[in-house]
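I opened my notebook and went through this chain piece by piece. Here is what I looked up, in the order I wrote it down.

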Amino acid sequence: MTVLDLCAAPGNKTAQVIAAGGRVIAADQSFRRLADVPGDRIVLDATKPLPLKAKFDRILIDAPVPAPER
């Protein structure tokens, strides 16, 4: 199984997929946040289309919720 993990840091979901035998491309907006994430990594910030031509069996996104305005 090939998985694209968006908002991948700190890497728990990525590590679980790899442990189950999957191949993961982990993406986050900061390379610093991706430093300890296992697997293939790419920095993305959602302002441009994905630069990937691969097809994925699954796409995971665990996007942070913005703080409410005060």
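First, a term I kept needing: buried means under 20% relative accessible area, exposed means over 50%, and partly exposed is in between, using a 1.4 Å probe and protein chains only.

**Ground rules.** I noted that this is a predicted model, where local features need pLDDT of at least 70, side-chain atom pairs count only at pLDDT 80 or more, and totals for chains, interfaces and linings use all residues. Residues are numbered from 1 along each chain as its sequence is written, and side-chain values use heavy atoms, with hydrogens and water left out.

**Overall layout.** I looked up the elements next, where helices (H or I, at least four residues) and strands (E, at least two) are DSSP runs numbered from the N terminus. The chain has 2 helices and 4 strands. Starting at the N terminus, I read the order as β-α-β-α-β-β. The C-alpha trace spans about 45 × 25 × 20 Å along its principal axes. I also checked burial: 29% of the 70 residues count as buried.

For surface, I used accessible areas from the Shrake-Rupley method with a 1.4 Å probe; for residues, only the protein chains shown count as cover. The total for the chain is about 5,300 Å², and 54% of that belongs to carbon and sulfur atoms.

**Charges.** For counting, Lys and Arg are positive, Asp and Glu are negative, and His and the chain ends are not counted. Each charge is placed at NZ of Lys, CZ of Arg, CG of Asp or CD of Glu. I found 10 positive and 8 negative charges, and their mean positions are 3 Å apart.

**The strands.** My rule here was that two strands pair if DSSP finds at least two bridges between them. I began with E2 (residues 23-28). Why is strand E2 largely enclosed by the rest of the structure? Because 5 of its 6 residues are buried.

Then I listed the partners of E2. E1 (residues 2-6) runs parallel to E2, with 4 bridges joining them. I picked out two of the residue pairs: Thr-2 has Arg-23 in E2 as its bridge partner, and Asp-5 has Ala-26 in E2. E3 (residues 40-43) is also joined to E2 by 4 bridges, and those two strands run parallel. There I saw Ala-27 standing opposite Ile-42 in E3.

E1 has another pairing to note. It pairs with E4 (residues 58-61) in the parallel sense over 4 bridges, and Val-3 stands opposite Arg-58 in E4. E1 is mostly covered too, with 4 of its 5 residues buried.

I also followed the path from E1 through helix H1 (residues 12-19) to E2, and the three make a right-handed β-α-β unit. A crossover is right-handed if, with the strands pointing away from the viewer, the path from the first strand over the helix to the second runs clockwise.

**Loop between E1 and H1.** Back to Cys-7, which is found in the loop between E1 and H1. Its phi is near 55°, a positive value in a residue other than glycine. Pro-10 has its place in the loop between E1 and H1 as well. I checked the peptide bond from Ala-9 to Pro-10, and it is cis, with omega near 10°. For background, I wrote down that most residues other than glycine have a negative phi, and most peptide bonds are trans.

**Other loops.** Is Gly-21 buried or exposed? Gly-21 counts as exposed because its relative accessibility is 61%. I located Gly-21 in the loop between H1 and E2.

Gly-39 sits in the loop between helix H2 (31-34) and E3. It is partly exposed, at 41% relative accessibility. What does Gly-39 touch, leaving out residues up to four places away in sequence? I got Ile-18 and Val-24, with contact meaning heavy atoms within 4.5 Å. The C-alpha atoms of Gly-39 and Arg-23 are separated by 7.6 Å, although the two are 16 residues apart along the chain.

My last stop was Asp-45, in the loop between E3 and E4. Asp-45 is partly exposed, with a relative accessible area of 47%. C-alpha to C-alpha, Asp-45 and Gln-29 are 4.6 Å apart in space and 16 residues apart in sequence. Gly-21 and Asp-45 are 24 residues apart in sequence, and their C-alpha atoms are 27 Å apart in space.
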